[in-house]
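Welcome to my notebook. I went through this structure chain by chain and jotted down what I looked up.

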Amino acid sequence: MSKRAPPLRRWLKPLAALAGMALVVLLVPSLGESRTDLDQPSAVKTALPGPCLLPAPEMRRQHKGLLYEERTNAVRHGIRNPETSLTRCVACHAVHDEAGQPVTYEDERHFCRSCHMQVAIAPDCFSCHLSTPMTLDKAEEKP
Amino acid sequence: MPAMTYAHLDSPTARLWPVLAVTAAVVVAGMAAFLTIDIQGHHVTGMTQRVPWGVPHVFAYFLILAASGALNVAMLASVFGRTVYKPLEPFSTLLAIALLMGGLTILVLDLGRPDRVLLTMQYRNNWSIFAWNTILYTVFLALAAAHLATLQNRRYARFSPVTGHSANVWRFVLTTGTGLDLGVLIARELYQSAIFAPLFISYALTYGLAVLLVLLPVMGWLGGNRPEPEVEQRLGRLLAIFVAVSFYLTVALYAFTLYAPAGRSLARFVWIDGGIYTALLWGGQIVLGTAIPLLLILKKQPVLAAAAVIIGGFATLYVFMIAAQVFPQSILPGHVVSSAYGDGMVAHYMARWPEWLLGFGGVAVALLVLLAGCLLFRIVPSRRSRDPRPLGAEVPP
Amino acid sequence: MSAPERMDRRQALKTAFAGLAATVLAPGLMLVEFGTQAKAAATGSRWGLLIDVSRCQGDCAGCVEACSKEHGWHAEGRGGHEPQWIRVIKATDPVTGQTSTVPLMCQHCANPPCADVCPTTATFRRADGIVLVDKHLCIGCRYCVMACPFGVRFFQGDDVQNQRTNSPRGKGTAEACNMCVHRVDHGRLPACVEACAATGGAMTFGDLNDPDSAIRAALAEKAAARLRPDLALAQGVSYQSL
């Protein structure tokens with residue numbers, strides 16, 4: 001039976017590797033820009049026709065849940081509330097470019113995009129939903 | 001006879017590294033195909049509104065069926081007590097895992113929204129065979145891995161009968177689920193039939209054994225130990241039985257399902273005037289997949305027979321999956337229908353390169369898992385035993 | 001470990017769970033008040049569509065154009081890559097030589113094979129009979145497209161631009177006629193029915209469970225049949241003069 005090295009000697013290499021990894025994980029993020037402004041408005045300001053459903057800080061935290069609830073009600077139960085619909089959000093929060101046209105999600109100035117780019121979470125909504133307000137041609141009459 | 005031991009597949013031949021490199025390259029190509037389909041959309045493939053499932057699904061179904069059947073040899077060794085096959089048991093189990101992983105890779109990567117695949121767990125529709133398959137496949141992987149662990153590790157060897165029996169039963173449940181994928185569809189006359197369950201079980205046993213047989217000389221070429229010719233001959237005779245049963249059930253499906261007036265035009269299309277589909281049915285399934293293998297096994301060439309079975313198997317599945325989709329659905333039976341959409345007419349399906357690459361990529365994934373497993377674990381029987389401890393049961397003199 | 005220490009840990013766990021429960025439930029309680037304003041899905045309704053084939057004028061295709069405009073899809077032609085939520089089929093009786101034009105769309109079955117096979121419940125049948133795809137859950141497996149006996153389900157295989165606000169559609173999901181739920185939920189008619197009323201008047205839409213509805217009256221006048229009755233799908237769409 002070979003003599004086993006004392007515990008510390010045996011575990012030195014794995015521990016060192018672990019410590020090195022932990023150091024990298026903890027220190028590398030500090031190389032990026034510091035996010036001290038999470039509670040500050042980072043989205044492009046738009047001229048809103050009125051107040052949003054909730055104050056901005058709460059809306060930032062809860063809009064995902066609100067949207068989820070709204071979509072479940074609308075799609076699965078047919079309960080539609082125009083006041084809380086995504087259409088209304090997009091319409092109110094539309095950002096316009098120099099020509100006065102609302103920008104789509106492709107544009108960095110889009111309301112949702114401006115915030116979501118900062119927090120690096122890609123919302124999936126606009127692969128299906130139109131990211132600009134409803135157009136006014138006949139086919140798009142408000143129901 | 002010296003004890004059969006298992007070794008890492010590391011002693012051979014420089015042949016292994018080029019094989020690994022090529023396999024990895026095909027995997028990368030498959031990934032490129034997946035990215036093309038995912039980013040640009042399925043319109044770059046040949047799969048259309050009339051033919052939503054195409055060549056990737058043919059590959060996936062073949063790999064999944066073969067995965068279930070690849071356990072044949074392992075089950076013969078453990079559950080059915082044929083100790084002559086014991087040396088092949090770990091290889092057979094690993095092959096089952098590898099093939100299933102390859103098939104699942106294709107299925108998941110072909111989805112329109114593969115990032116959402118976990119939704120099948122969060123929002124399960126318990127009436128859906130597809131949803132059940134997700135559980136059947138994952139449990140099968142776990143059981144096969146557990147069985148492999150009992151074979152590899154002496155401490156768990158006493159659990160081997162449990163894992164072996166469980167895996168054996170589970171693969172029949174799994175293949176029934178795979179067969180019912182098509183068997184519950186009322187949309188096509190060819191599909192709605194309970195016979196798909198035993199039919200696909202028969203196909204699974206056939207294709208799985210064929211894949212294993214074909215890989216035996218390959219592993220020998222790569223440095224493992226090829227079994228005695230007698231073992232391969234016995235497996236060849238078993239393959240012949242499976243091929244015959246598969247043929248019988250296929251004829252039964254076509255005869256009994258499509259004998260009814262409602263199915264006659266589809267039967268006529270597939271057997272007589274379906275062009276490529278008729279050619280694949282006769283040339284691929286009947287000749288290459290049934291007649292030639294039986295002849296070759298009679299001539300004591302089980303490996304060549306197995307290769308023919310594999311080609312025939314792809315042809316069989318291609319006909320099953322594609323021919324039934326291109327054939328017009330009977331929306332208004334008794335009427336002749338036509339439309340700008342192509343109702344009433346046979347649709348045209350031509351697979352494009354992303355589909356072929358995705359399919360071969362899945363095969364390469366399976367091969368890569370197999371080779372990696374053989375390199376990392378002691379799977380392949382070897383007489384050049386580096387470790388004098390015998391792991392498997394000894395081959396009886 | 002002494003007994004008082006264990007009690008503290010239990011206390012701590014209880015507080016933690018209470019706090020967690022409060023944090024999880026509170027947003028839900030807030031959301032309830034937003035739901036009360038909406039009009040609930042009509043309970044007890046079964047929406048149906050009745051098509052009198054004899055009134056369908058062969059070369060009209062008004063329903064197809066209206067649906068296409070309402071939802072933003074474009075027909076390509078020969079069963080290629082474009083969806084065709086509604087299409088007109090020419091059906092000829094080989095014995096009599098009579099030809100009818102039959103608009104074909106999702107039949108909104110009461111026993112929908114598409115909903116049965118969908119692994120994520122994305123395709124589902126609403127309580128009011130409309131079968132539709134919840135695209136948030138669709139993984140794009142196309143099993144429902146395989147399962148439909150009428151070939152009226154489609155898979156979106158390309159990026160969609162300029163979606164209709166009321167009909168979100170996107171790459172990688174399945175789709176089909178949804179009986180214009182966004183209109184029906186607000187008491188309007190589907191686009192195809194509206195367009196047909198201006199030309200042939202072949203389509204009638206209404207609540208099959210309401211004995212006073214126009215669709216029930218039309219059904220009482222002339223017998224209607226469903227497509228493929230042998231499949232026992234109990235579709236909401238039925239045809240007269242077939």
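I began with chain A and counted four helices and zero strands; helices are DSSP runs of H or I with at least four residues, strands are DSSP runs of E with at least two, and both are numbered from the N terminus. Along the sequence, chain A reads α-α-α-α.

A note on what I am looking at: this is a predicted model, where local features need pLDDT of at least 70 and side-chain atom pairs count only at pLDDT 80 or more, while totals for chains, interfaces and linings use all residues. Residues are numbered from 1 along each chain as its sequence is written, and chains are lettered from A and ligands numbered from 1 in the order in which they are written.

Next I checked burial. Of the 143 residues of chain A, 15% are buried, which takes 20 or more other C-beta atoms within 10 Å of a residue's own, with C-beta atoms placed from the backbone.

Then I turned to the strands. I found an open sheet of three, ordered β2(B)-β2(C)-β3(C), with antiparallel pairing; two strands pair if DSSP finds at least two bridges between them. Its edge strands, each pairing on one side only, are β2 (336–338) of chain B and β3 of chain C.

I followed the link between chains: three bridges join β2(B) to β2(C), and S338(B) stands opposite K90(C).

Within chain C, β2 (residues 87–92) and β3 (residues 99–104) pair over six bridges, again antiparallel. T92(C) has T99(C) as its bridge partner. The two strands form a hairpin with six residues between them, and G97(C) in the turn has a positive phi of about 80 degrees.

Note on methods. Buried ≥ 20, exposed ≤ 12 C-beta atoms within 10 Å, placed from the backbone.
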